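Please read them with the structure open.

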Amino acid sequence: MRSLISRSLFTQTAAVTVMNIRSLPRRLWMSLAMVLASAVVVAILLAFLAMAKGFEATMSGAGSDAVALMMREGSQAELNSVISRDQVNLVEEAPGIARDAEGPLVSPELYVIVDGIKKSTGSKANIPLRGLDKRGMAMRGNMQLLEGRMFTPGTNEMIVGSGILREFDGFQLGNEIRFGKNVWTVVGVFSTGGNVFESELWADAKMIQSHYNRGSSYQTIRAQLENPGDLEPLTAYFDTESQLNLELKTEADYFAEQGKQLQYMAIFGRVISFIMALGALAGALNTMYTSVADRAKEIATLRTLGFSNFSAFCGTIAEALVLAIAGGLLGSLAAFVFFDGMNASTLGGSFTQVVFSFEMSPDLFVQGAVLALLIGFVSGFFPAWRAARMPVIVAFRNAA
Amino acid sequence: MSQDVLFQLNGVSKSFVKGKEKISIFDDLNMTIERGDFLAIMGPSGSGKTTLLNMLGGVDQPSGGEIWFDGARIDSLSEGELTRWRAHNIGFIFQFYNLMPMLNAARNVELPLLLTKLSKTQRRANVETALTLVGLSDRAKHMPSEMSGGQQQRVAIARAIVSDPKLILCDEPTGDLDRETADEILEMLQLLNREHGKTIVMVTHDPAAARYASQTLYLDKGKFVQREVAA
């Protein structure tokens, strides 16, 4: 008997749902408005999440836990740090650092800011110019020259990250660029697999020391670790050398911390989406209440014939879910078409532009789908409750 | 209660409160409907005809008294129980047909069968039989908007009889039709009553319609004031 009732309930609910969906053309514009509202909310959520995910991927992809990064204590970002030549010399003697035939794998680097013109806005923005040598190149195993050649040490030549080429004007191969009193020539374009280094210009460290009056100082030291992630020998050594008052962390940890600074994007996106979802919900509720009013006679007739309240409830919820899911799909599609792989740049931890790509992924689409379902369920629930609870006589009277 | 009695109303009252005023529609209404009756209920507007029909159909509850159907008391049933009771026992015919505009004739007729345990094949067979009975087997795939008022009402009749209910309730079934079409519909109801033994209660304003019934009850101010039995 119970299975019979369940089957009948299922049949009733399916029939009512089909009728509700088929009656949608009668409420075409209101239904489309609900679909569109859901689509916009989902698209905005996905855009923010894709932005945050893309930025995080760019930052986290840059760091290696086989590389130790040293900066002056308390400096937090490469730009604020200063390291003397003496300190570099001491680090080169430290245990726990990998060595090859030419000696310890240590790269003292400089990090200065230059101006670039953004293609998207035509406005000036900060670009990092990194000074390094061939040891530094060797530590970035995924670095690849896409065009041209490596800069020649001791000259005003530079190579340009592919992100800079995409987002900024004037960095094409062969171009001459003036930063202050100095003119630099672009001799190559490089990629580092989409991570943050692609948002940089690279040149000879000695030339940058000279042009930017840095004497023999540097800003950071990178060192290849003998054992990835193992900072213990270096930490112990630093404790015994009073001159080495440096902050020590793996490069992976450093960029992960930098990436976290932009987590506000995801939070902001969720807050914005939540506020917009409330607006969409108000519109959707209106649509669904209109739907119930429009179908009052049909609901009353079906209940007179013996259809249950539950089927009227489920049919209305199903209609709301169908509209919201259609909106969710539309929003996801729009977000994918317009945002996936889109290039953007934003201010990173060192007050320089970080170029990154929006990154859509299945987990983001799931979040979009959950939001659409939530809009559908909440907007359908109260009108469905009304449809189910309204006395048949009142429903007939309202429909008359 | 006699085996022939299908419906019995004992001392039924119905009232509602409007503001501070209590308005009584019926007070101590008694009525018996026997199996195979074709009963017309007439009366002026506001006499309580439709309220009575709604109570017979279980879509409205009395304020007092007892309503018995086929030996079981129904006035104390819950809303859910009444819904199931309606599905199994009552066929409804409305003044404005109340067909689902998005379903074709066959699908409309099938609706009450969705509440039964019949298989899809059995449902189709029953729908075909009902549509044939009302002379619309060739219109099964037509949408309500593609049919005349008379045809739509015949679809509604097919829907009312398809699950073989014990009672058919008609609320002004010819109120929206011209005389000729109205007569066709009334002849069909009479046929269902005489040839197929269906018990029918029909509320109408139209004395010509009432003449098709086997007896007519006149309701005024919540009381039966006259009873006419057809010759």
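**Notes on the predicted model**

1. Start in chain B, at K141(B). This residue sits in the loop that runs between helix 4 (120-133) and helix 5 (149-161) of chain B. K141(B) is exposed, because its relative accessible area is 67% and the cut-off for exposed is over 50%.

2. Next, Q151(B), which belongs to helix 5 of chain B. Is Q151(B) buried or exposed? Q151(B) is buried: its relative accessible area is 16%, and buried means under 20%. Its C-alpha atom lies 9.0 Å from that of R139(B), twelve residues away along the chain.

3. Now the salt bridges. The count over all chains is 30. R73(B) pairs with E66(B), and their closest N and O atoms are 3.6 Å apart. R73(B) is partly exposed at 36% relative accessible area. E66(B) is also partly exposed, at 28%.

4. R123(B) forms a salt bridge with E110(B), with 2.8 Å between the closest N and O atoms. R123(B) is in helix 4 of chain B and E110(B) in helix 3 (residues 105-110), so the pair ties together parts 13 residues apart in sequence. Both R123(B) and E110(B) are buried.

5. D206(B) forms a salt bridge with R179(B); here the closest N and O atoms are 2.8 Å apart. This pair links distant parts of the chain, 27 residues apart. D206(B) is in the loop between strand 8 (199-203) and helix 7 (207-210), and R179(B) is in helix 6 of chain B. D206(B) counts as partly exposed at 21% relative accessibility. R179(B) is partly exposed too, at 38%.

6. In chain A, salt bridges with shared partners form one network. Its members are E78(A), E109(A), R130(A), R140(A), E200(A), R222(A) and E251(A).

7. Back on chain B, D178(B), E180(B), E184(B) and E187(B) form a negative surface patch. D178(B) lies in the loop between strand 7 (167-171) and helix 6 (179-194). D178(B) counts as partly exposed, at 46% relative accessibility.

8. Last, the largest nonpolar core, which has 47 residues. Those with the most contacts inside this core are M34(A), M137(A), I159(A), W202(A), L371(A) and I375(A). Elements giving two or more residues include helix 2 (28-60), strand 1 (67-72) and helix 12 (362-389) of chain A. Helix 2 of chain A gives the most, with 13 residues.

Methods
Residues are numbered from 1 along each chain as its sequence is written. Chains are lettered from A and ligands numbered from 1 in the order in which they are written. This is a predicted model: local features need pLDDT of at least 70, side-chain atom pairs count only at pLDDT 80 or more; totals for chains, interfaces and linings use all residues. Side-chain values use heavy atoms; hydrogens and water are left out. Patches are made of residues with over 30% relative accessible area and no salt bridge: like charges are joined within 9 Å, nonpolar side chains (Val, Leu, Ile, Met, Phe, Trp, Tyr) within 5 Å. Accessible areas come from the Shrake-Rupley method with a 1.4 Å probe; for residues, only the protein chains shown count as cover. A salt bridge is a side-chain nitrogen of Lys or Arg within 4 Å of a carboxyl oxygen of Asp or Glu. Lys and Arg count as positive and Asp and Glu as negative; His and the chain ends are not counted. The place of a charge is taken as NZ of Lys, CZ of Arg, CG of Asp or CD of Glu. Helices (H or I, at least four residues) and strands (E, at least two) are DSSP runs, numbered from the N terminus. Buried means under 20% relative accessible area, exposed over 50%, partly exposed in between (1.4 Å probe, protein chains only). A nonpolar core is a set of buried Ala, Val, Leu, Ile, Met, Phe, Trp, Tyr and Cys residues joined through side-chain atoms within 4.5 Å.
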